[in-house]
Amino acid sequence: MEAGLIHAGASMSVFMSRLRGGARRAAVLLFSLSLGGLGGCGPAAPGDGNPPPEPPPTGSTALATLLPQSLFEQLFLHRGTAPCQGSFYTYGAFLEAAKSFPEFAQQGTADDQRRELAAFFANIAHETTGGWPTAPEGPYAWGLCWINEGATTDPKLLPDYCAASAEYPCAAGKKYFGRGPIQLSYNYNYGQAGAALGVDLLDQFELVASDPTISFRTALWFWMTAQAPKPSCHDVMIGRFTPSAQDVAAGRLPGFGLTVNIINGGVECNQPTPAQVTDRIGFFGRFTQLLGTTQGDNLACDKMRSY
């Protein structure tokens, strides 16, 4: 994250150790003045092609340690490569959003934490992918590319995704198509997410596509929240979900495949593994490798009945 500053500090320590008396005091003064002129930090490393590091928000130290910005940028290598719109999904916005869910990637063993992070990222990478089979660095380096469902499709051509709901009725003229990292869809999901986050997303749905922190918060809300009879993806990935006899009979066993079932099982599970699931697993494989953990059991959901 701040290797340049660390090396500069180390070099100064060696230099200062060689000075004595007035010469040392003068060197301290000159060094302090130089820091003041630079605003207290050194310039970004030239020519690395990456945006300058963003300081992690207060309270997100543990997650920032697990996921430094350099690793976030590596996981989503081409999120800002044109025509992708993924510069919207900033590292700082992700850490800020995660402050609302302090248990995310912070429970279980160190491997559990890394595996959960990889599973969450793999699913949102698939939902927003801009990759293709022969893409530079491979198709799994292009997650978090798009914000809205259909990429650049005119929103007027997208479905309304309005379902009858007394509790979360559709606002007149609003469309609840997929937006954000998890591609939040349908009025009842916008309504439930908004109620949990303290934001009126039924009327202000556009915030999911215009405020990156709210956008990440909706994805984390979906990931962390059990919606009976479904467990939360979080509980599945940290080993807190114990399948019932009915779950076992339906093939719904803990693992990455069950998160796919929770997110989109009616379309992608209980059938020969379709391209969508293959894509999710591909992202998961790349991300677990980069995060230094294993994939675990039950990667696919081809033998799982949906909820």
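Predicted model: local features only at pLDDT ≥ 70, side-chain atom pairs only at ≥ 80, totals over all residues.
Residues are numbered from 1 along each chain as its sequence is written, and side-chain values use heavy atoms, with hydrogens and water left out. Local features need pLDDT of at least 70, side-chain atom pairs count only at pLDDT 80 or more, and totals for chains, interfaces and linings use all residues.

Colleague: How are α7 and α9 oriented to each other?

Modeller: Helices here are DSSP runs (H or I, at least four residues), numbered from the N terminus. Helix α7 (residues 187-197) and helix α9 (residues 212-224) have axes 10 Å apart, at an angle of about 100°; axes are lines fitted to C-alpha atoms over the stretch in contact, and angles run from 0 to 180 degrees between N-to-C directions. Angles under 35 degrees count as roughly parallel, over 145 as roughly antiparallel, 65 to 115 as roughly perpendicular and the rest as oblique. The pair α7 and α9 is therefore roughly perpendicular.

Colleague: Which residues in α9 meet α7?

Modeller: Contact means heavy atoms within 4.5 Å. From α7 come N189, Q192, A193, A196 and L197. Their partners in α9 are R217, T218 and W221.

Colleague: Is H78 buried or exposed, and which side chain joins that of H78 in a polar contact of 2.6 Å?

Modeller: H78 is found in the loop between α4 (69-75) and α5 (91-98). With a relative accessible area of 12%, H78 is buried (under 20%; exposed is over 50%, partly exposed in between, with a 1.4 Å probe and protein chains only). A polar contact is a pair of N or O atoms within 3.5 Å; within protein, one must be able to donate a hydrogen and the other to accept it, and residues adjacent in sequence count only if both atoms are side-chain atoms. The side chain that H78 reaches at 2.6 Å is that of E137.

Colleague: Which side chain makes a polar contact with that of K175?

Modeller: K175 lies in the loop between α6 (110-127) and α7 and is buried, at 19% relative accessible area. A polar atom of its side chain is 2.5 Å from the backbone oxygen of L158. The side-chain partner, at 3.5 Å, is D160.

Colleague: Which residues have the most contacts inside the largest nonpolar core?

Modeller: A nonpolar core is a set of buried Ala, Val, Leu, Ile, Met, Phe, Trp, Tyr and Cys residues joined through side-chain atoms within 4.5 Å. The largest has 72 residues. Those with the most contacts inside it are F94, F104 and F121.

How values were computed. Helix = DSSP H or I, 4+ residues; strand = E, 2+ residues; numbered from the N terminus.
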